[in-house]
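Work through the exercises below with the sequence and the model open. Each task is followed by a stepwise solution.

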Amino acid sequence: MTTPDQAAVLVDAGEHRGGTGTARFVLKKLVEALISVVLVVVLFFFLFRMLPGDPVAAMTRDRATSPQQLALLREQMGVDKPVFVQFGNYFWGLLHGDLGESRLLNNGRPVADMIGERLWPTILLVGSATLLAVILGLWLGIRAAWRRDSLFDRTQTGIALTLWSVPQFWLGLMLLVVTNGLFPSRGMHSPDAAPDVLSQTLDVLHHLVLPCVTLLAVFYAQYMLIMRSSLLGEMNADYLTTARAKGLRDDLVRRRHAVPNALLPTTTLVFMQIGSVVAGAVTVEAVFSWPGLGQLTYDALHGPDLPVLQGVFTVLASAVVLMNLLAELLYRVLDPRVRTS
Amino acid sequence: MRTMGWFLVQFQRRVGRLGAVAAVAALAAIPLAVPAQAQQGKVLRVALTTGIDHLNPFTAVLSASTQIGRFTYEFLTVPNAEKAEASPALAESWTPSPDKLTWTFKIRGGVKWSDGQPVTAKDAAFTFNRMLTDENARTANGNYVGNFETVTAPDDTTLVIKTKTVQVNMNLLDVPIVPQHIWEPVKDLKDPKTDELAIAGVSDGPFQVTEYKPNEYVKLKANKDYWRGAPKVDELQLLQFKDTEAAVNALKQGEVDVINRLNPNQFAALQGQQGITTNAAPGRRYDELSINFGVTDNANNIIGDGNPVLKDINVRKAITQAVDTQTVVDKVLKGLGQVGGGVVPAIYTAYHWDPSDTEKVKFDLAAANTTLDQAGYAKGPDGVRTAPGGAKLELRLTGHANRSYDQGVAQYVTGWLKDIGITVKQDLVSDDELSDRTSTGKYDLAIGGYGTNPDPDYALSLHTCAARPSPDGKGGSTDTFFCDAQYDDLYKKQLTETDDAKRAGYVKQAQARLYSQFPTIVLDYQNALEAYRSDKFAGFTTQPQPKGAILEQTGYWGVYGATPVGATDTASSGSGNTVLWIVIGAVVVVVLVGGGVMLGRRGKSAEDRE
Amino acid sequence: MTTAETPRQIAWARRRASIVRTWREFAAQRAALAGLVLLGATVVVALLLPFVSDESDLDVTKATGQPLSPPNADFWLGTDNFGRSVLLMTVWGSRVSLLVGFSAALLSVVIGTLIGITAAHFGGWVSATLLRFTDFFLVLPSLILAIALSAVLPKGVGTIIVAIGLTAWPSTARLVRAQTLTIESRPYIERAHALGGGHLHIIGKHVLPGVMPLVLANTTLVVGNAVIADATLSFLGVGDPNSVTWGLVLESALNNGAISRGAWWNVLPPGIAIVLVVLFFTLVGRGLETVFNPRLKK
């Protein structure tokens with residue numbers, strides 16, 4: 001997690017030297033992102049090779065297996081080869097969308113399939129929570145900054161700081177207990193919902209409320225604090241004084257000048273923070289049995305089902321890298337200073 | 001919900017147009033439009049707290065998946081509900097040849113697959129032959145066919161199985177029989193399509209899978225043409241929960257009707273609740289604390305990294321004296337289990353052995369300390385004993401990380417052993433790593449246990465010399481690595497003894513011998529804990545009877561017997577606790593937010609300076 | 001006394017004055033001051049615990065209470081599944097939680113500062129490489145990395161510290177780098193260069209003192225995050241079972257069915273303890289940032 005004020009610095013610290021053409025810039029960023037993704041793959045591959053235990057022995061523990069069968073399994077899984085050959089095979093498979101096979105949870109099922117079926121629930125949860133958190137956070141942040149030190153500002157900052165200090169899984173549990181049955185406690189579908197599209201949609205939304213609010217609560221707080229502090233920074237800028245001096249109304253000054261400028265670093269940060277939202281989803285999904293990647297991680301952790309963990313982490317981290325690439329490109333498009341310099 | 005919305009609105013006004021809350025309120029308003037419920041008959045909902053790997057019965061190995069297989073497919077024979085003994089199912093009768101190498105099964109006529117095709121002996125022959133020829137088909141139940149010579153179906157009602165050597169479990173082949181016309185065209189049994197309804201949805205058991213949402217639920221409908229008669233419920237739903245805690249909550253709310261794998265606190269929480277009945281079935285499993293006494297492979301080479309002090313029988317005896325099995329049952333199991341004795345659980349009264357008063361090593365910390373003092377392990381100034389070589393007595397304790405039983409036992413053992421001057425370092429690990437450690441001797445103390453059968457042979461066989469792994473680490477089926485000539489002798493005697501009473505005598509002597517050498521401490525036999533909504537369903541058939549389990553049987557009796565209770569009102573779901581929780585929650589929120597507001601005055605000084 | 005002061009004395013006087021000024025600015029923020037006082041109190045309680053309370057009361061075999069009994073005169077916050085006092089467990093839990101928080105933060109801040117300063121000071125390919133390295137880890141979800149690390153390493157407090165410490169440094173590195181760049185662009189650094197000051201001299205004498213305040217503020221904020229991360233790892237079942245931590249109390253309450261029994265006293269105290277401690281750290285950290293971070297000064 002990055003703290004709001006720090007985060008504001010982080011964005012500023014990013015280099016936005018001009019001078020290179022847009023095409024070259026995009027190409028450079030693409031190559032960098034690609035390298036990052038490869039690094040992610042390498043990192044998780046070798047991290048999970050550090051685990052003690054023989055995967056083949058673990059796999060066959062409940063069944064009578066002859067030494068020949070074990071040797072055959074080792075050969076099939078490729079674990080009898082040197083680690084670099086294994087990596088080569090893994091990487092080659094990866095290029096073809098093959099993330100290996102699950103060993104415990106769904107033995108023999110391709111990890112890519114398992115991730116595929118869990119991807120959408122997570123995107124729905126993370127997406128809706130982020131969207132709502134951004135809207136709520138930015139709006140509250142703007143209001144709080146504009147009416148600095150008012151009761152509103154103090155209340156909102158206080159609430160945000162408190163929410164920001166809450167462990168997410170605990171908040172989820174509390175919500176579950178306090179709402180006591182108002183919302184479904186598990187999953188994202190009820191088997192009794194009518195098959196028509198409207199009922200199905202409402203059913204999913206009904207299930208979405210608690211996990212979404214849990215994620216939202218912590219992240220809106222973060223965005224609000226960021227927006228508030230970056231707007232406070234903008235408000236002392238000379239051009240605002242000029243605008244006021246020109247006799248522009250306060251809310252016009254706010255809308256036309258201060259907010260758009262403060263919005264820039266904040267939205268970029270929203271993208272950069274997507275990684276921690278995804279991580280937050282792991283615990284929240286575990287609390288609410290949301291059938292997404294987070295729940296998968298939680299289950300795989302208890303095996304541990306290493307190929308699944310490795311696959312999920314690789315996919316999550318790569319997704320985050322790509323989101324950041326998007327953020328940087330977006331920054332380039334949005335920020336007039338970067339464009340013209 | 002309405003009140004909450006109202007509260008939010010008021011809250012909003014009071015605090016001065018907190019537009020903030022509006023978005024949250026909007027989100028919260030969604031459930032006001034409660035999703036339309038589909039028309040339904042009598043639906044039995046069962047909570048699953050473990051995962052499903054496959055619906056394909058050839059590849060499904062996890063217990064939830066095998067359970068689905070039992071609900072949907074018929075077997076040649078099934079263990080009956082009364083005593084879990086072989087009883088007719090697809091096979092009306094079965095007869096071995098005099099040399100017991102050829103078994104002839106008479107297949108029931110008139111049974112139909114759910115697509116209308118008749119079930120014949122050919123289907124059974126196909127199932128077994130597929131397992132003989134296709135490695136993937138042996139994933140789940142391959143151990144039953146390893147010894148098969150040939151399987152043939154001379155006509156539609158006769159199945160003949162020839163085995164290479166005598167096989168004792170031929171009257172209980174725990175293999176679901178699948179329809180040949182559906183599975184023959186399937187070339188690759190690992191194909192994900194085999195989990196789809198077009199294939200896994202065609203069955204002949206009491207229920208038939210109609211919908212499968214991975215990680216969420218499985219829906220099954222009653223087979224109206226089931227040969228034993230249609231189940232009394234119309235639909236069976238298996239809902240997946242992350243853990244039993246969530247399932248308990250759902251049972252209280254009436255979202256599910258049957259749950260199992262409860263822990264003692266959850267069980268107690270559900271006892272006496274209106275509309276809920278609890279079921280504690282005596283356990284077929286023994287829980288133990290294994291002591292690594294310097295374990296060996298079957299060539300007698302020492303393996304693993306056990307602490308050498310445990311080779312001293314006095315140290316093992318002292319540890320046994322310091323472990324209070326009664327407290328484990330009372331505190332960890334909350335009384336829902338029996339105190340341990342021999343490795344055959346108390347439910348099997350004929351073979352179960354309890355130490356007599358003179359044999360029993362009683363819980364006595366002072367005596368344990370004396371034992372260690374006399375054996376030459378002196379206590380240092382910090383209260384920790386040292387071995388004659390000068391090494392401190394420190395033992396690692398391993399077990400399942402995610403089981404509350406193991407967590408509880410680990411805490412107690414740590415406390416007791418501290419009192420006799422032994423430091424315990426807890427290292428609870430994942431199931432996989434635990435089996436890895438215990439099968440290679442890489443532990444000092446390990447919390448474990450085994451599920452046993454009505455026949456004592458299996459429980460005893462876990463402690464014979466032959467069960468130890470070979471020097472390459474393979475082929476072991478041992479629990480304790482125990483290897484003792486006297487024990488092995490008793491084991492062999494019981495194996496060949498035909499007189500039941502005499503055999504029981506040998507079985508008990510063997511358990512006594514095991515007990516006297518302290519390779520392990522049998523802590524308890526815990527009950528299987530279940531609960532169901534008795535305001536909605538009754539008539540669950542337990543296995544065995546009278547006191548058995550409803551779910552995870554070797555059969556379908558539990559859900560097959562379930563009968564809806566007449567028109568009942570299920571409104572009374574919330575308990576008195578609810579109000580308390582809400583009040584507490586509200587207070588916490590107010591206090592925290594209030595505190596935050598008081599403290600959240602950052603920026604004041606910055607403003608002051610302007 | 002003479003009025004002539006040595007340069008050393010002048011420097012000391014300046015430094016003292018600056019500390020006093022900083023303190024005044026900090027203390028002017030009521031929230032930050034309150035956070036500091038409460039935090040101090042928590043740390044003192046945690047340190048003094050072994051002198052006022054017996055750790056063996058946490059031993060289940062010595063527990064005197066009934067299991068899961070609600071708050072009463074003997075047990076103000078009730079008891080846990082084995083009849084131990086929840087109050088005692090919550091108070092003792094502060095020790096490990098704070099230890100993990102401080103150590104992990106220290107580890108991550110040391111790594112972050114080293115990398116940050118190196119990346120800013122040396123320039124060239126070293127800087128470029130370190131920057132890429134930092135950016136790479138900055139975007140990776142740190143909690144996920146921490147989960148992976150603690151799943152792979154043997155269980156224990158050390159593992160948790162390493163897992164959190166090794167994954168939380170990139171933002172510190174970025175922050176320190178930015179600050180170092182700012183400092184090194186000032187004229188007196190060029191003078192120091194011109195006067196023949198080596199890398200060590202410049203970093204030790206000029207850069208480090210310059211970035212230290214911000215690093216301090218940053219550390220405080222990282223501790224809070226580390227406390228949450230510690231609890232989260234315990235919740236996910238990769239924590240240390242040998243010591244009583246807030247996360248472990250929560251995890252076992254979940255695992256042994258205390259919540260089904262409606263034993264809210266097993267869930268609320270550790271959770272609130274986490275929220276409060278993290279809030280204290282955040283308030284202090286924000287207070288320090290307001291004082292030290294030029295951006296936030298008006």
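**Exercise 1.** Which residue with positive phi follows α10(A)?

Solution. G247(A) comes after α10(A), and its phi is positive, near 90°. The helix itself, residues 238-245 of chain A, is hardly covered: among its 8 residues the count of buried ones is 0. Buried requires 20 or more other C-beta atoms within 10 Å of the residue's own, exposed means 12 or fewer, and partly exposed lies in between, with C-beta atoms placed from the backbone. Helices are DSSP runs of H or I with at least four residues, strands are runs of E with at least two, and both are numbered from the N terminus.

The model is predicted; local features need pLDDT of at least 70, side-chain atom pairs count only at pLDDT 80 or more, and totals for chains, interfaces and linings use all residues. Residues are numbered from 1 along each chain as its sequence is written, while chains are lettered from A and ligands numbered from 1 in the order written.

**Exercise 2.** Find the strand order of the open sheet of 4 strands in chain B, and its edges.

Solution. Step one: the order is β4-β5-β7-β6, with antiparallel pairing; two strands pair if DSSP finds at least two bridges between them. Step two: β4 (91-96) and β6 (148-155) of chain B each have a single partner strand, so one side of each lacks a neighbour in the sheet. Step three: 5 bridges join β4(B) to β5 (residues 102-107) of chain B, and S93(B) stands opposite K106(B) in β5(B).
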